[in-house]
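Dear colleague,

I am handing over the structure we spoke about, with the sequence alongside.

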Amino acid sequence: MSAIVETVGLSRFYPGDGAPVRAVDGVDLVLTEGESVSVMGPSGCGKSTLLHLIGGLERPTAGVVAIAGQRVDGLSEAAWARLRRRGIGFVFQAFHLVDELSAVENVELPALLVGVSRRAARKRALELLERLGVGDRAGHLPDRLSGGQRQRVALARALVNEPVLVLADEPTGNLDSHATGEILRLFAGLREARQTLLLVTHDPRVAASADRLLTMRDGEIVEDTRLDGGLPRQAVLAQLVGWEA
Amino acid sequence: MLALLAKEPAHGYELRQRLVQALGPIGEVVNPGQIYVTLARLERAELVRGVQVEQSAAPDKKVYEATPAGREHVASWLMDSSWTKVAPTEFHLKLVAAAATGLADPVALIDAQRRELLRRLREVQRLAESEPPDGDGALLLEGSALRLQADIRWLEACEQRWSGRRAG
């Protein structure tokens, strides 16, 4: 299986009072194609910074980042922008939608920017909005949408170019239980399409949907463990029976 | 099981069918052997009564029904609102004991427990996805998933407390 993300000694320090703050401190990480990985850890442990470093939104103080085998830590801003447009989908807690464009226009924008035809872009955008349960809001401007709806529009926009890597920071932060379920189903679809998913989250449902769990503390990965294949189904059910009895 | 017999008598195999119907995939875990062991225990406690029924083409089978004492037992069980879930209490005691004795690192215990609960939640979510959303099985699995989520969130609070203590 090929590595989609590889980091070696990845670090990001901020100046602090006295000693620098080690937001990310010597992270070695390999994410393979089609893998979904969640990152948990207390607030301020460096998990969002790690996501920003991998997506090129922040530059490392030290260390190497490679995406799909290509070293990217030295790329220019323009080269990063090209890479993000085609290869990386970003989902943030703050959704940065263009206020003057309708939901569907926001979603199709990245597709149009890489040369997809108007028709195909519109079709893909509407499909995604439909799957996320906001198809009936396609013509609305962002300020006519609820927080949860805007978040799903932003997610659709991140996915419209079928990126090999999806980086998500609290993707269900503003969502109710039902909308979270729709997003989790969409993520399951990404796995089937062999897209790689890195999720920073506090939401146990989102974390548990991944194949692998990273735990960060003080800028370091203190635990890297598989969530899949751990327990046979019968064992889980047996535990539940003991538990519900 | 006793509650399922309180409705109407059944033999062991029927009872298992009822369990599966009532509980969905969780009911499938109960193997037939466990059913007969439990029935025998309930019979000794005089909460159920077994009656041999002759069959022409097959060996006799035993049909079980709830006794009046058994029905009363079910009724008081139905009215009992205590919420038996001691895991958080016990885990809390483990953390205190781990720190006091130095036999384990509380934060490591929390990490291990969270990992375990996330694995369970993952399996429960997978199972729920494969169930028809309106079925009884899905509803029960949702209950399990919500409890696991609550416990995982509580472990996060534990982590904050105990990693603070470790640093301080």
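Domain bounds, as used here, come from an automatic or database domain assignment. Please keep in mind that this is a predicted model, and that every value below is computed from it.

In chain B, that assignment gives domain 1, which covers 2–79, and domain 2, which covers 87–167. The centres of domain 1 of chain B and domain 2 of chain B, taken over C-alpha atoms, are 33 Å apart. Where the two meet, domain 1 of chain B contributes five residues to the contact, while domain 2 of chain B contributes seven residues. On the side of domain 1 of chain B that touches domain 2 of chain B, at least two residues come from helix H2 (12–23) of chain B and at least two from helix H3 (25–28) of chain B. Sorted by class, that side of domain 1 of chain B holds four nonpolar residues and one polar residue, with no charged residues.

Turning to chain A, you will find eight helices and ten strands. Chain A has a radius of gyration of 19 Å, which agrees with the value near 18 Å for a compact globule, because that is what 245 residues would give. Along the principal axes, the C-alpha atoms of chain A fill a box of roughly 60 × 50 × 40 Å. Of the 245 residues in chain A, 44% are buried, and among the contacts in chain A between residues at least 6 apart in sequence, 69% join residues at least 24 apart.

Key: Residues numbered from 1 in each chain as written. Chains lettered and ligands numbered in written order. Predicted model: local features only at pLDDT ≥ 70, side-chain atom pairs only at ≥ 80, totals over all residues. Helix = DSSP H or I, 4+ residues; strand = E, 2+ residues; numbered from the N terminus. Rg over C-alpha atoms; globule rule 2.2 N^0.38 Å. Buried ≥ 20, exposed ≤ 12 C-beta atoms within 10 Å, placed from the backbone. Nonpolar A, V, L, I, M, F, W, Y, C, P; charged D, E, K, R; others polar.
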